[in-house]
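Here is a walk through the charged side-chain pairs of one protein structure. Keep the model open as you read.

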Amino acid sequence: MTLRSLRSAFILNGVCLLAAARLTAQDYANIANTRTPLGEDSQQVNNTPKSLQAPTPPMGWNSWDNYGLDITEDEFKTQVDYVSDHLKALGYTYMVIDAGWYAPHLSAVEGDPYRYDKLTRYPTSVDAYGRWIPATNRFPSAADGSFKALADYVHGKGLKFGLHIQRGIPWSAIDRNLPIKGTAYHAKDIANPADVCPWWDATLGVDMSKPGAQAYYDSCYALYASWGVDFVKVDDMSRPYHADEITAVRLAIEKSGRPMVFSLSPGTTPIQARYHAQNNADMWRISDDFWDTWSQLKAQFAYASLWMRFSTEGHWPDLDMLPVGIVGTRDGNAGGARRSRFTPDELRTLMALWCMFRSPLILGGDVTKLTPFENDIVTNSTLLDIDQHSSHCEEVSSDSKTIVYRSQQSSKGETYVALFNISDGAEELSLDPEKVGLHFPLKAREVWTNRELAGVVHPINLSVPAHGSALYVLTSH
């Protein structure tokens with residue numbers, strides 16, 4: 001069973017948010033840590049807002065969708081160079097190395113003896129205090145046990161450096177019972193044998209009620225800060241929801257003295273934990289791992305509708321990375337190396353949904369091999385402006401075939417309306433501006449065609465292809 005299918009097997013049942021409804025036993029089961037974290041008398045300690053690190057949805061690139069668990073330094077630098085030269089000016093900033101950077105032999109290749117789903121307690125590189133350090137066979141500039149040289153390279157390109165971190169403490173530290181820096185405690189004092197990630201046997205959870213637990217997380221993030229890390233994607237946090245360790249990481253980042261964007265993964269984050277997620281993370285996954293299939297794209301609308309009103313400045317529900325371009329080259333879970341399976345209409349729908357919802361925009365494919373069409377989609381200035389600067393996204397209507405979203409940018413006097421056709425056949429639709437709070441006459445521009453209509457005084461009739469969308473910018477005439 002693959003990492004992706006293992007994750008899918010552990011998807012928690014969705015829970016509808018009902019006014020004045022009592023939480024059921026299953027609801028509580030969806031939240032791993034219902035006890036008060038860190039020994040406090042009140043959970044209010046968890047709900048003090050963290051400082052603002054991401055005033056707009058983060059944009060960048062992540063290695064997972066194409067390189068899986070074993071990207072090399074040269075491959076990473078190739079993506080960094082391209083983003084710096086071609087995408088940085090548009091706002092793509094964070095360059096993130098995903099899982100496995102600490103495992104010298106870990107592989108996603110079928111049949112490899114070090115394939116991740118064949119191993120338990122697989123060997124990883126740790127320092128004297130049980131903290132992961134880079135695998136030097138893949139990152140030769142980290143011969144000193146540090147990512148500082150690579151982070152400096154990224155920073156020198158005008159970009160920011162990010163890492164995937166697995167929740168908990170590595171088996172490599174537990175088996176050797178390594179000391180926790182600055183304390184009298186050791187790895188076995190804080191490791192929780194009853195709490196292991198269900199899809200990846202990399203770590204044990206940290207029992208935050210134990211002395212030395214917060215000190216361990218503090219030491220890890222102090223180390224990352226010394227390397228120059230700007231972004232951390234912390235996995236096995238949201239499903240189930242580990243409130244105490246999320247709080248611990250948030251506190252450790254603050255103590256490190258270095259600003260870092262804190263991203264929770266994977267989804268679905270339980271809706272009951274929405275205020276804790278808002279106040280402790282900068283972005284959090286609201287769906288399982290997203291790949292290039294229409295069924296998954298269609299399913300994202302339900303997650304977006306559930307979370308839409310809980311998107312606030314600096315705290316972003318995350319629809320996951322964008323599998324655009326070449327993906328799956330060495331990710332054994334993805335179905336093999338290929339160009340994204342999304343059709344042009346589906347790619348338009350993908351970007352319109354992400355940008356109207358204001359999801360973070362993290363590219364996942366090999367950006368050096370984007371087609372002209374793919375490049376045009378991910379660099380469309382109107383889409384990026386909507387993602388970064390619009391507000392008040394709402395679902396105007398939905399049925400089994402169509403969904404309509406509305407948002408706005410008051411400073412520009414613009415209203416945005418996206419019409420999505422989620423059916424398998426073309427649909428004849430009508431955009432009535434008065435139904436989204438506007439009045440005739442109007443000026444309208446359709447984003448995909450860039451066609452402008454002046455003096456609009458009647459509803460706009462249009463045909464939207466299967467799995468496609470239409471996106472309009474409306475302004476008073």
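A salt bridge here is a side-chain nitrogen of Lys or Arg within 4 Å of a carboxyl oxygen of Asp or Glu. Side chains of opposite charge can pair when their charged atoms come close. The model is predicted: local features need pLDDT of at least 70, side-chain atom pairs count only at pLDDT 80 or more, and totals for chains, interfaces and linings use all residues. Residues are numbered from 1 along each chain as its sequence is written, and side-chain values use heavy atoms, with hydrogens and water left out.

The structure holds 26 salt bridges. Start with D81 and K157. Their closest N and O atoms are 3.5 Å apart. D81 lies in helix α4 (residues 73–87), while K157 sits in the loop between α5 (148–156) and β3 (160–166), so the pair ties together parts that are 76 residues apart in sequence. Helices (H or I, at least four residues) and strands (E, at least two) are DSSP runs, numbered from the N terminus.

How accessible is D81? D81 has 22% relative accessibility and is partly exposed. K157 is also partly exposed, at 26%. The cut-offs: buried is under 20% relative accessible area, exposed is over 50%, and partly exposed is in between (1.4 Å probe, protein chains only).

Now move to helix α9 (residues 243–256). R250 and E254 form a salt bridge there, 2.8 Å from N to O. They are 4 residues apart, so about one helical turn separates them. R250 is buried at 5%, whereas E254 is partly exposed at 38%.

K412 pairs with E414, with 4.0 Å between the closest N and O atoms. K412 is partly exposed at 45%; E414 is buried at 17%.

Finally, look for a network. Salt bridges link R167, D195, D236 and E245.
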